[in-house]
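This report describes selected strand pairings and helix features of a single structure. The sequence and coordinates are shown first.

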Amino acid sequence: MHISLANEGAYFCGFADFSTHPMGSHLPGEMGGLWDPPIRLLTGFNVRIRGRKALPSGLCLSASRAELDYGVFTIDVSMPKDVLMFIAVRNECGNEVQVSMDMNLRPMWLSDFDTSHTVDVLKGEVSLKVPSIGKKYVLKTDACNLSASASEIRASANRDFTMALYRITGKSRVDAVTALKRTTLNNNRRARNTVLETDDGKLSQSFYWAKHSLGMLTHRQDGIGRGLTAGHCDFPWYFSVDFFYSIDALLETGMSAVARDTLKLFIRHARAQRGRVPHEIVTNGVIYNPGDLEESAMLTTAMLKYAAWSGDTGFARAHFRDALASLNFVNSMKFAGPGIMEDAARGHSVEIDTICYFIEGVESLIALRSMAFGGKSSTFAAEIDELLMASEEAAHIVNRVMWSNDLSTYANRMSNGVPEYLGFWTSIAPFLTCIAPRRRYRSFVESESGLKGMTGSDGLQIGSQLPKAMAIQNGLMSLAASNYGDAGRALWFYMRNISRTGAFMPGVVPEILNDPAGCYLQAWSSAAVIHPLVGGILGITPVEGRLRDGKRVGSALDGLKIRGLQFRGSKYDFEVVKGRVAGCSH
């Protein structure tokens with residue numbers, strides 16, 4: 001079973017016993033451990049009692065810490081703010097317990113620097129310096145015995161003791177116990193935002209952990225900024241498409257500041273690329289992929305969602321030109337460029353997801369202009385008129401060229417004017433963006449060459465020939481079904497995700513539901529637990545400065561409650577009563 005702990009500056013990826021194991025593929029077998037980007041410090045730790053290796057018999061995981069139960073003693077592991085790792089040994093047996101940290105320094109993916117380091121042991125402290133990157137660390141302990149080498153730090157005692165690892169920053173060092181208390185309070189505050197009350201214990205657990213997962217995946221990197229990262233263990237850096245699919249969940253759970261900061265991070269890089277939104281920014285500053293086309297198409301809608309939830313009209317004004325630039329970039333490419341599908345032939349044709357998100361983006365741009373400059377504003381009229389003409393052309397391509405009456409599905413791409421029906425999940429994009437007519441939705445969901453051919457026991461598959469089911473795809477299909485009033489199908493796809501809660505990490509829905517090869521902790525998978533329920537099935541969305549309620553959802557959800565949902569500085573409660581969503585403000 002995998003496990004992650006994190007604060008906004010560092011993260012640990014590993015297994016439930018915290019010992020060293022190979023994991024990950026970007027750095028084959030080396031993605032696990034304690035990372036303070038761009039360097040890994042530890043791969044894990046081992047525990048001995050009276051000289052013999054000890055393994056935990058139980059694990060209690062919360063948003064703030066992991067408690068390992070060894071029978072006659074316990075070890076708490078946490079990562080409070082400003083502390084890289086804090087280990088507290090509670091020794092009730094009186095025998096000597098030793099904790100050995102495995103130091104295996106290495107650069108992160110696409111980094112290359114000398115990891116030569118010095119280790120000095122003083123009274124109650126170990127000093128670690130990495131001259132090539134100017135990093136300095138100190139481990140403080142009250143253990144009876146302390147020793148260290150270039151590859152290991154050992155601390156032991158026959159009583160309670162602690163070990164706290166810090167990065168030396170020039171600021172005064174915080175007390176780890178106090179920092180943990182503050183972190184626990186902050187996590188408790190997050191837990192009180194958007195509380196789901198239901199008789200379904202697995203759904204409650206999944207929803208609770210989805211909120212905290214988004215918090216764990218929020219990272220602040222010097223020189224880059226603060227933002228939502230994609231997932232552990234292989235994608236612990238910034239991906240725009242993952243964020244765009246996750247922004248609704250951030251806003252619905254009171255994390256609008258994270259949404260704003262992540263938007264600013266990608267907008268800043270898009271400005272340097274004349275509107276092209278980068279796909280992947282590693283936490284060493286490397287832009288590995290300067291941007292797939294659908295991401296530039298999605299930026300404006302993400303900006304509108306943030307502004308609508310927060311009421312931040314200043315943000316809308318300050319960044320309206322950035323929204324305009326991203327859509328102009330897509331239009332300049334004539335919609336031809338890579339979409340989200342991970343297949344060898346992508347990149348030179350019109351992808352269905354890109355063209356649909358462009359149409360949605362132009363609609364969002366007009367709404368964003370109203371927020372930024374007033375409802376009757378004609379600001380940037382000529383440029384918007386040009387984009388509207390392009391949007392009309394795009395809608396014609398989607399509904400007249402890319403739809404097949406014989407197959408009852410949309411093409412995944414169009415090459416040289418010829419639609420290509422590849423059986424990929426992106427055929428749902430016109431339904432997700434409400435571009436498709438209602439009659440086509442019914443044809444699509446009932447067709448073997450449409451939705452039926454892409455659906456397995458775990459939900460929507462990557463493609464008819466690729467049986468892996470991803471949580472984000474189930475979430476998007478649930479949203480599409482909600483768009484067309486298909487409540488039963490929306491709930492079915494949503495519950496495929498909930499059924500896989502805890503598959504590879506306690507409490508968490510993984511990236512790939514039926515294959516451990518994906519991220520065990522993933523932002524858009526966590527979002528696919530929150531948004532399809534709150535914004536889709538329950539229909540709680542911003543409309544003209546207020547939250548909409550009153551949606552008919554059916555009696556199956558009677559009694560379900562959402563408490564403490566934040567919207568523009570106020571909190572709201574919602575409950576399903578006699579098949580209808582009813583809301584009230586605090």
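## A hairpin and its neighbour

Asn145 has Ser156 in E15 as its bridge partner. Strand E14 (residues 145-148) pairs with E15 in the antiparallel sense over four bridges, where pairing requires that DSSP finds at least two bridges between two strands. Three residues lie between E14 and E15, which form a hairpin. Helices (H or I, at least four residues) and strands (E, at least two) are DSSP runs, numbered from the N terminus.

Strand E15 (residues 152-157) is also joined to strand E10 (residues 97-107), by six bridges, and these strands run antiparallel. Within this pairing, Ser100 has Arg154 of E15 as its bridge partner.

## Basis of the description

The model is predicted: local features need pLDDT of at least 70, side-chain atom pairs count only at pLDDT 80 or more, and totals for chains, interfaces and linings use all residues. Residues are numbered from 1 along each chain as its sequence is written, and side-chain values use heavy atoms, with hydrogens and water left out.

## Two open sheets

E21 is joined to strand E22 (residues 280-281) by two bridges, and Glu280 in E22 is the bridge partner of Phe239.

Another open sheet of three strands has the order E24-E27-E28, again with antiparallel pairing. Strands E24 (350-351) and E28 (418-420) are at its edges; each has a single partner strand, so one side of each lacks a neighbour in the sheet. Two bridges connect E24 to strand E27 (residues 413-415), with Val350 opposite Met414 in E27.

## Packing of H1 and H2

Helix H1 (residues 176-191) packs against helix H2 (residues 201-216) at an angle of about 130°, with the axes 10 Å apart. Axes are lines fitted to C-alpha atoms, for helices over the stretch in contact, and angles run from 0 to 180 degrees between N-to-C directions. H1 is therefore oblique to H2, given that angles under 35 degrees count as roughly parallel, over 145 as roughly antiparallel, 65 to 115 as roughly perpendicular and the rest as oblique.

In the contact (heavy atoms within 4.5 Å), Asn187, Arg190 and Ala191 of H1 meet Tyr208, Lys211, His212 and Gly215 of H2.

## Helix H9

The 22 residues of helix H9 (residues 352-373) should span 32 Å at 1.5 Å a residue, which agrees with its end C-alpha atoms being 32 Å apart. The expected span is 1.5 Å times one less than the number of residues. Gly374 follows H9 and has a positive phi, near 105°.
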